[in-house]
Amino acid sequence: MRTFAHILDSRIRRYTRAKQKLIKLLEEYRQALIHQAVTGKIDVRTGKPYPAYKDSGVPWLGHVPEHWEVRTIKSLAGKGYKTFVDGDWIESP
């Protein structure tokens, strides 16, 4: 009986290690996909690269999808106190 428990225990441990390794790989893959989507390497709707790219003019950013508009943060800010154009989801006074 002890042998059976030992064998079962080792199989459970091996299975657990394999699943933990798979989880780690999936987390790395998820991070890579997020990075590719944020930097414009893939279209989040299709998961495929965009058809055409252009130079962003920003050295650390590199190339961006051709239809993206590159703007400075200053150009997004409105005139006045605490104004910033960033969509309707931000609540402003």
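Select Ser 56 and Val 58: the backbone nitrogen of Val 58 sits 3.1 Å from a polar atom of the Ser 56 side chain. That is a polar contact, meaning N or O atoms within 3.5 Å; within protein, one must be able to donate a hydrogen and the other to accept it, and residues adjacent in sequence count only if both atoms are side-chain atoms.

The model is predicted: local features need pLDDT of at least 70, side-chain atom pairs count only at pLDDT 80 or more, and totals for chains, interfaces and linings use all residues. Residues are numbered from 1 along each chain as its sequence is written, and side-chain values use heavy atoms, with hydrogens and water left out.

**Stop 1: Ser 56**

Stay on Ser 56. It lies in the loop between strand E1 (53–55) and strand E2 (63–65). Helices (H or I, at least four residues) and strands (E, at least two) are DSSP runs, numbered from the N terminus. Ser 56 is buried, at 10% relative accessible area. Buried means under 20%, exposed over 50%, partly exposed in between (1.4 Å probe, protein chains only). Now show its contacts (heavy atoms within 4.5 Å). Leaving out residues up to four places away in sequence, Ser 56 touches Leu 61, Gly 62, His 63, Val 64 and Val 70.

**Stop 2: Thr 39**

Move to Thr 39, in the loop between helix H1 (2–38) and E1. Thr 39 is buried, with 15% relative accessibility. Its side chain reaches the backbone oxygen of His 35 at 2.7 Å. Not counting residues up to four places away in sequence, Thr 39 touches His 63 and Trp 68.

**Stop 3: the aromatic rings**

Select Tyr 50, Tyr 53 and Trp 68, which form one aromatic cluster. Rings of Phe, Tyr and Trp (its six-membered ring) pair if their centres lie within 6.5 Å; planes under 30 degrees apart count as stacked, over 60 as edge-to-face and the rest as tilted. This rule gives two aromatic pairs. Tyr 50 and Tyr 53 are edge-to-face, 6.4 Å centre to centre with 85° between the planes. Tyr 50 is buried at 12% relative accessible area, whereas Tyr 53 is partly exposed at 31%. Tyr 50 and Trp 68 are also edge-to-face: 6.3 Å between centres, 70° between planes. This pair links distant parts of the chain, 18 residues apart: Tyr 50 is in the loop between H1 and E1, Trp 68 in the loop between E2 and helix H2 (73–76). Trp 68 is partly exposed, at 28% relative accessibility.

**Last stop: the whole chain**

Zoom out. The chain has two helices and two strands, in the order α-β-β-α along the sequence. Of its 93 residues, 10% count as buried.
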